[in-house]
Amino acid sequence: MYEIYDASYQVFLENWEVNRQVALDFMQQYLKPQPPQVAVLSVGAGPGDFDVQVIRTLKQQLAKELTLRYVAVEPNHLHRQRYEQKINVPEFADVDLKLYSEKIDQFQTDEQFDIIHYTHSMYHMPGQEKWLVQQAIEMLKNNGFLIITLDTIDAVIFDTIFKYAALTGQGFTEMLQMQEMQAIVEGLGLSYTLESYPEYIDVKLCFEENSPAGKLLMDFFCQADSGQLSPEQRQEILQILASKVIEQDGRKLVPVPAATMVIPKQG
């Protein structure tokens with residue numbers, strides 16, 4: 001399972017027009033560093049692309065007397081391998097880095113964090129969302145904050161995931177999106193700030209016949225093995241993508257709008 005997801009995720013990353021700046025801006029805006037150390041927990045860290053940006057941003061922001069501790073939790077062993085390659089570099093030699101293999105519900109620590117972030121990772125933890133938010137709030141320092149980034153309900157990927165499930169009887173019939181996350185957080189009585197923004201995926205590869213990379217990108221849009229689809233079923237998935245395509249500079253862009261939520265710990 002991890003092998004298939006890792007391969008499809010890499011093709012997805014190569015074709016994703018992602019906006020990381022909103023989350024980075026929130027971190028800089030809300031961070032109230034207290035000597036001697038700023039501690040960050042990244043949950044479902046993936047292969048580390050975003051964490052590299054977070055570390056660089058915080059290193060630039062922090063005063064010299066402050067050290068940075070960065071803890072990441074990622075159960076996919078292939079993602080961890082990629083993560084370690086990106087993070088274990090001379091540029092980050094002065095950062096106290098630790099990567100754990102547990103799932104977050106098995107991760108135990110007495111450490112308190114300034115920042116905890118779930119960046120496009122809470123989709124993979126169904127039924128635990130309320131508990132995860134409560135757990136994160138407890139793990140924060142008094143001035144700490146939780147950041148959650150998710151696609152919004154208008155993201156075309158939800159349409160393709162659910163269509164795959166309807167066609168095959170496999171895969172996901174539900175998946176968390178930001179509007180549901182807002183309802184969960186509001187139900188907990190927590191205050192938050194939310195910013196939505198456009199993102200796109202170039203799906204040109206999906207329309208190329210017999211393309212290995214196109215098959216992997218289709219796997220990502222199905223969150224399952226698209227090879228299980230008949231030719232007719234595959235066309236149904238492609239029709240969903242085609243109906244959303246924006247042609248631009250030789251690319252076929254489909255919208256996957258996202259939103260980032262910041263939840264400060266309340267005293």
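Q: Which residue in β10 does I246 stand opposite?
A: Strands here are DSSP runs (E, at least two residues), numbered from the N terminus, and two strands pair if DSSP finds at least two bridges between them. I246 stands opposite L253 in β10. β9 and β10 (residues 251-255) are joined by 3 bridges and run antiparallel. Keep in mind that this is a predicted model: local features need pLDDT of at least 70, side-chain atom pairs count only at pLDDT 80 or more, and totals for chains, interfaces and linings use all residues. Residues are numbered from 1 along each chain as its sequence is written, and side-chain values use heavy atoms, with hydrogens and water left out.

Q: In what order do the 4 strands of the open sheet come?
A: The order is β1-β8-β10-β9, with antiparallel pairing. β1 (16-17) and β9 (246-248) are at the edges with a single partner strand each, so one side of each has no neighbour in the sheet.

Q: How do I read a pair of aromatic rings?
A: You describe it by the distance of the centres and the angle of the planes. Rings of Phe, Tyr and Trp (its six-membered ring) pair if their centres lie within 6.5 Å; planes under 30 degrees apart count as stacked, over 60 as edge-to-face and the rest as tilted. The count comes to 10 aromatic pairs. F12 and F220 are stacked, 4.1 Å centre to centre with 10 degrees between the planes. F12 lies in helix α1 (residues 2-14) and F220 in helix α8 (residues 212-222), so their pair ties together parts 208 residues apart in sequence; helices are DSSP runs of H or I, at least four residues.
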